[in-house]
Every structure is written in structure tokens, then in C-alpha cells.
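Student: Could you take me through one part of this model in close detail? I would like to look at its aromatic rings.

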Amino acid sequence: FWDLSYASIDLANKVIQAIPEIESIKAAVEERKRQLEVEARFIRGLNYFVLNRFFGHSVNGLSVPLLTAPYIPGDQPARATIEDVKNQVLADLKMAELQMDGLESNDDRATIWAVRALLARVYFEYRDYEDAEGYANSVIESGAFALVDEDLLAGYSTNISSFNVFTFLGTSIVRAANNLFTRFSPASNNV
């Protein structure tokens with residue numbers, strides 16, 4: 001869990017760092033760069049949120065190492081505070097929300113609704129119930145998702161359904177090799 005989370009964070013950091021260096025003269029390339037950066041911020045924010053929940057220590061206030069640049073082998077970063085990790089999660093997700101507005105998604109990509117749903121969950125976790133309610137209501141009232149359906153098993157399908165705000169598709173084996181990780185790979189042609 002720890003290793004996969006930090007591998008994902010490291011890939012997201014590499015994407016965020018590389019995006020400004022990609023030269024483009026076409027608007028479509030600029031749009032793709034923006035999409036990749038906001039998805040990387042979403043993934044980094046999601047991972048740090050989960051890591052903070054699992055490894056944040058309420059007695060000493062320490063959480064996990066907070067890396068916002070690619071990992072350098074041999075580095076031994078110190079643990080950040082719970083508050084610092086929380087602030088990074090919110091910064092990544094708020095940046096993703098601002099930049100993602102207007103981007104459309106296909107199946108396995110994060111959307112504005114995924115960002116807002118995660119922000120609702122983050123604000124709820126950090127007891128900011130007013131913002132949690134606002135973000136949750138924005139997703140619910142969007143009409144893009146079903147809360148209840150007569151076929152409750154539809155939510156356990158390997159396909160995207162109206163229940164899914166954001167999901168990794170397929171079996172656990174497929175998810176482990178999900179193209180999201182290859183998409184963020186430095187060797188990928190998509191970056």
C-alpha cells in the first residue's frame with residue numbers, strides 16, 4: 001500500500017514537473033498538457049489524503065513524508081505534519097478543480113465530478129462540514145450519477161455505470177497494471 005501510493009505520487013510529481021517543459025504550438029496539445037497535469041494533481045491529492053488518514057499520528061501530529069518533486073534515490077525525507085499533508089491535498093484538489101473545469105472525460109479519467117466528490121470527502125474528514133456538504137451537493141445535483149438503482153449489483157460491474165464518480169476499471173490484476181500508471185510513466189508517449 002505504502003509503496004504503491006508513493007510510486008503513484010512519484011509519477012504524478014514527474015508529470016507535474018515535466019508538463020511545463022513540453023513545447024507545443026497546437027491548442028490540442030496545450031489542452032492535453034492541462035488534462036495530464038490536473039489528473040496528476042488529482043492522483044497525488046488522492047494518495048496523500050489516504051496516506052494521511054492511515055499514517056497521520058494524532059498524538060505527535062506527524063504524518064507521512066511530503067514529496068512534491070520527483071524522488072531522488074537515497075533521499076530520506078522527514079515526516080511532514082498532518083496539517084501540512086492536509087494543506088497539500090487541498091491545494092492539489094483545488095488546483096485540479098480550477099483547471100479541470102471544461103475538460104471532458106472518457107471512462108478511466110478523472111473528471112470535475114471526481115475532484116468535487118473527493119473534495120467533499122476530504123472536507124468531511126477534516127470536519128469542514130459546510131464545504132463537505134456544498135461539494136457533495138454539487139455532485140449529487142449534477143444529475144450525472146445515480147444514488148439508487150433497482151439493480152444494486154450494477155455498482156459491482158467492471159464497466160462504468162451511473163454509480164461511478166471515479167473508479168479504476170477491471171479486476172485487481174488489471175487495476176494493478178492500469179494504464180493510468182503507464183500513462184504517467186516517463187517512458188509513455190502520452191506525457
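Is Tyr6 buried or exposed?

Tutor: Happy to! This is a predicted model, where local features need pLDDT of at least 70, side-chain atom pairs count only at pLDDT 80 or more, and totals for chains, interfaces and linings use all residues. Residues are numbered from 1 along each chain as its sequence is written, and side-chain values use heavy atoms, leaving out hydrogens and water.

Tyr6 has a relative accessible area of 13%, so Tyr6 is buried (buried means under 20%, exposed over 50%, partly exposed in between, with a 1.4 Å probe and protein chains only). Trp2, by contrast, is partly exposed at 35%. Both sit in helix α1 (residues 2–18), four residues apart, and so are separated by about one helical turn (helices are DSSP runs of H or I, at least four residues, numbered from the N terminus).

Trp2 also pairs with Phe55: the ring centres are 5.0 Å apart and the planes at 80°, so this pair is edge-to-face (rings of Phe, Tyr and Trp, the last by its six-membered ring, pair if their centres lie within 6.5 Å; planes under 30 degrees apart count as stacked, over 60 as edge-to-face and the rest as tilted). Because Trp2 lies in helix α1 and Phe55 in helix α2, the pair ties together parts that are 53 residues apart in sequence. Phe55 itself is partly exposed, at 32%.

Ring pairs link Trp2, Tyr6 and Phe55 with Phe1, Tyr48 and Phe54 into a cluster. Phe54 lies in helix α2 (residues 27–55) and counts as exposed at 55% relative accessibility.

Note on methods: Helix = DSSP H or I, 4+ residues; strand = E, 2+ residues; numbered from the N terminus.
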